[in-house]
Amino acid sequence: MKTQNTIATILSYSGSTTIGLFLGHLIRSGEAIWALAGVGAALSGVSIAMNIDKKIWKALEICNSDYPEDETTQVAQPQLDVLAKANGLGLSMRF
């Protein structure tokens, strides 16, 4: 698991750097190198996909499940929070 986290972190930094290079070149010269943006987005996307675990899929199933049609049953609305800590940003969903 630690190896997977290390690889995901390297891909995340690489993707962010590549997107930053794309934006810097776009601002400086006015020319868009879309291949650079695509590579950065792909690297960032892979790093996000590597960090998804079973708890996230379970939360998505609960959140996307059909609500009961009976009006007497109360369904708890999910609460989404953005967290900021010294080592990064995150999302928290509570039911």
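In which element is the place of Cys 63? Cys 63 belongs to helix 3. The model is a predicted one, and its chain contains 3 helices and 2 strands.

**Overall architecture**

- Read from the N terminus, the elements follow the order α-α-α-β-β.
- The chain has 95 residues, and 11% of them are buried.
- The accessible surface of the chain amounts to about 7,900 Å²; carbon and sulfur atoms contribute 61% of that surface.
- Among contacts in the chain with a separation of 6 or more, 38% are between residues 24 or more positions apart.

**The largest pocket**

- The largest pocket holds about 1,000 Å³ of space.
- Its lining consists of 23 residues, and those nearest the centre of the pocket are Asn 51, Ile 56, Leu 89, Gly 90 and Leu 91.
- At least two lining residues come from each of helix 1 (2-29), helix 2 (34-50), helix 3 (54-64), strand 1 (79-85) and strand 2 (88-94).
- Strand 2 provides the largest share of the lining, with 6 residues.
- Sorted by class, the lining comprises 12 nonpolar, 8 polar and 3 charged residues.

- Thr 18 is a residue of helix 1, and it is classed as buried because its relative accessible area of 12% falls under the 20% cut-off.
- A polar atom of the Thr 18 side chain lies 2.7 Å from the backbone oxygen of Ser 14.
- Leaving aside residues up to four places away in sequence, Thr 18 touches Leu 36, Val 39, Gly 40 and Leu 43.
- Gly 20 also lies in helix 1; at 39% relative accessibility, Gly 20 is partly exposed.
- Gly 20 and Ala 37 are 17 residues apart along the chain, and their C-alpha atoms are separated by 8.7 Å.

**Helix 3: Cys 63**

- Cys 63, located in helix 3, has a relative accessible area of 24% and is therefore partly exposed, since buried residues are those under 20% and exposed residues those over 50%.
- In sequence, Cys 63 and Met 93 are 30 residues apart; in space, the C-alpha to C-alpha distance between Cys 63 and Met 93 is 9.5 Å.

- Asp 81 is part of strand 1, and its side chain is joined to that of Gln 79 by a polar contact of 3.3 Å.
- With residues up to four places away in sequence not counted, Asp 81 touches Gly 90, Leu 91, Ser 92 and Arg 94.
- Gly 90 and Leu 91, both touched by Asp 81, are among the residues that lie nearest the centre of the largest pocket.
- Leu 89 is situated in strand 2, and Leu 89 counts as exposed because its relative accessibility is 73%, over the 50% cut-off.
- Leu 89 touches Leu 83 and Ala 84, residues up to four places away in sequence again being left out.
- Leu 89 is also one of the residues nearest the centre of the largest pocket.

Definitions and conventions. Residues numbered from 1 in each chain as written. Predicted model: local features only at pLDDT ≥ 70, side-chain atom pairs only at ≥ 80, totals over all residues. Heavy atoms only, no water. 1 Å grid on protein atoms, 1.4 Å probe; cavity = no way out; pocket = protein on both sides within 12 Å on 5 of 7 lines; lining within 4 Å. Points joined across faces, edges and corners; volume = space filled by probe spheres on them. Helix = DSSP H or I, 4+ residues; strand = E, 2+ residues; numbered from the N terminus. Nonpolar A, V, L, I, M, F, W, Y, C, P; charged D, E, K, R; others polar. Buried < 20%, exposed > 50% of the residue type's maximum accessible area, 1.4 Å probe, protein only. Contact = heavy atoms within 4.5 Å. Areas by Shrake-Rupley, 256 points an atom, 1.4 Å probe, with all protein chains shown as cover. Polar contact = N/O pair within 3.5 Å; in protein donor to acceptor, adjacent residues only side chain to side chain.
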